[in-house]
Amino acid sequence: MARRRQIYEGKAKILYEGPEPGTLIQYFKDDATAFNAQKRGTISGKGVINNRISEYIFTSLQTIGVPTHFIRRLNMREQLIRQVEIVPIEVVVRNVAAGSLSKRLGIEEGTQLPRTIIEYYYKDDALGDPLIADEHIACFGWASQEEMNDIADMAIRVNDFMCGLFAAIGIRLIDFKLEFGRVYENDYARIILADEISPDGCRLWDMKSNEKLDKDRFRQGLGGEAEAYQEVARRLGLLRDEEFAVLDLDSHRKKRGK
């Protein structure tokens with residue numbers, strides 16, 4: 001069967017036209033990037049794992065009333081999604097100090113924050129996705145106040161759900177990124193959750209060892225990226241042990257002399 005027309009290609013996914021109007025096919029790649037694509041590489045099987053994890057989380061969120069673009073998974077690397085008008089804002093939800101927050105404010109990585117923080121970043125690779133405030137969003141019309149209220153409410157609801165989900169399998173949810181889009185029903189625009197939720201956009205630490213189970217392993221050159229992604233999927237019950245030979249990360253660390 002002929003490949004459908006490509007609509008867009010990003011760092012980790014490709015979007016193709018869908019089988020019906022208002023739908024797209026989202027393809028998950030193994031490509032990995034960091035530091036605004038200054039570091040590039042490949043994580044074997046990442047696309048397959050992220051497809052499964054994102055499907056699981058989006059489906060679970062839909063059961064608690066969070067509207068998403070996800071329709072169904074098509075195969076190992078593709079899922080059918082609703083076409084949305086992406087809001088040009090990355091929403092970062094932080095529970096524990098890490099990454100750019102630690103660097104900006106000098107807070108030691110791993111410090112539990114007194115309260116959950118929601119940050120907004122303008123989606124523009126050329127500018128390095130700069131941190132923005134509510135005033136910027138309102139001034140430049142990137143989203144209305146009503147839309148931002150919906151976005152913040154959904155972000156907190158997603159965070160509450162995911163903290164519990166990961167805590168139940170021995171993983172600490174440090175922070176994560178969300179994207180939202182508009183769907184139009186007659187003349188009314190409604191905000192729904194879009195993109196993906198996977199170890200690419202979440203910081204996930206093992207509760208006992210603080211071992212990183214996310215893309216920070218690639219960013220920081222720790223190795224064992226594929227095994228970390230597989231471990232998250234295995235704990236979520238999405239992989240049988242025989243499907244992937246999951247590396248013991250503690251053994252991996254000892255082999256590297258760390």
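What should the 18 residues of H1 span at 1.5 Å a residue? I found that H1 should span 26 Å, and its end C-alpha atoms are 26 Å apart, which agrees. The expected span is 1.5 Å times one less than the number of residues. Helices here are DSSP runs (H or I, at least four residues), strands are E runs of at least two, and both are numbered from the N terminus.

Two notes on the source for myself. This is a predicted model, where local features need pLDDT of at least 70, side-chain atom pairs count only at pLDDT 80 or more, and totals for chains, interfaces and linings use all residues. Residues are numbered from 1 along each chain as its sequence is written, and side-chain values use heavy atoms, with hydrogens and water left out.

**Entry: H1 and H4**

I looked at how H1 (residues 46–63) packs against H4 (residues 145–167): the angle is about 125°, and the axes are 11 Å apart. Axes are lines fitted to C-alpha atoms, for helices over the stretch in contact, and angles run from 0 to 180 degrees between N-to-C directions. That angle makes H1 oblique to H4.

Which residues of H1 meet H4? I listed Tyr56, Ile57, Ser60 and Leu61 on the H1 side, and Val158, Phe161, Met162, Leu165 and Phe166 on the H4 side. By class, this contact of H1 with H4 has eight nonpolar, one polar and no charged residues. Nonpolar covers Ala, Val, Leu, Ile, Met, Phe, Trp, Tyr, Cys and Pro; charged covers Asp, Glu, Lys and Arg; the others, Gly among them, are polar.

**Entry: H1 and H6**

Next I turned to H6 (residues 225–235), whose axis comes within 10 Å of that of H1 and crosses at roughly 25°. H1 is therefore roughly parallel to H6. Lys46, Ile49, Asn50 and Ile53 in H1 meet Tyr229, Gln230, Val232 and Ala233 in H6. I sorted this contact of H1 with H6 into five nonpolar, two polar and one charged residues. H6 is mostly covered, with eight of its 11 residues buried (under 20% relative accessible area; exposed is over 50%, partly exposed in between, with a 1.4 Å probe and protein chains only).

**Entry: Lys46**

Is Lys46 buried or exposed? Lys46, found in helix H1, counts as buried at 1% relative accessibility. Leaving aside neighbours within four places in sequence, I saw Lys46 in contact (heavy atoms within 4.5 Å) with Ala12, Lys29, Asp30, Asp31, Ala32, Asp200 and Tyr229. The C-alpha atoms of Lys46 and Phe28 are separated by 8.0 Å, and these two residues are 18 residues apart along the chain.

**Entry: positive phi**

A reminder from class: most residues other than glycine have a negative phi. I noted that Asp129 has a positive phi of about 50° although it is not a glycine. Asp129 sits in the loop between strand S10 (112–122) and strand S11 (131–132), and is buried with a relative accessible area of 16%.

Asp195 also goes on my list, with a positive phi of about 65° although it is not a glycine. I found Asp195 in the loop between strand S13 (188–194) and strand S14 (202–206), and its relative accessible area of 13% makes Asp195 buried.

Terms used. Parallel < 35°, antiparallel > 145°, perpendicular 65-115°, else oblique.
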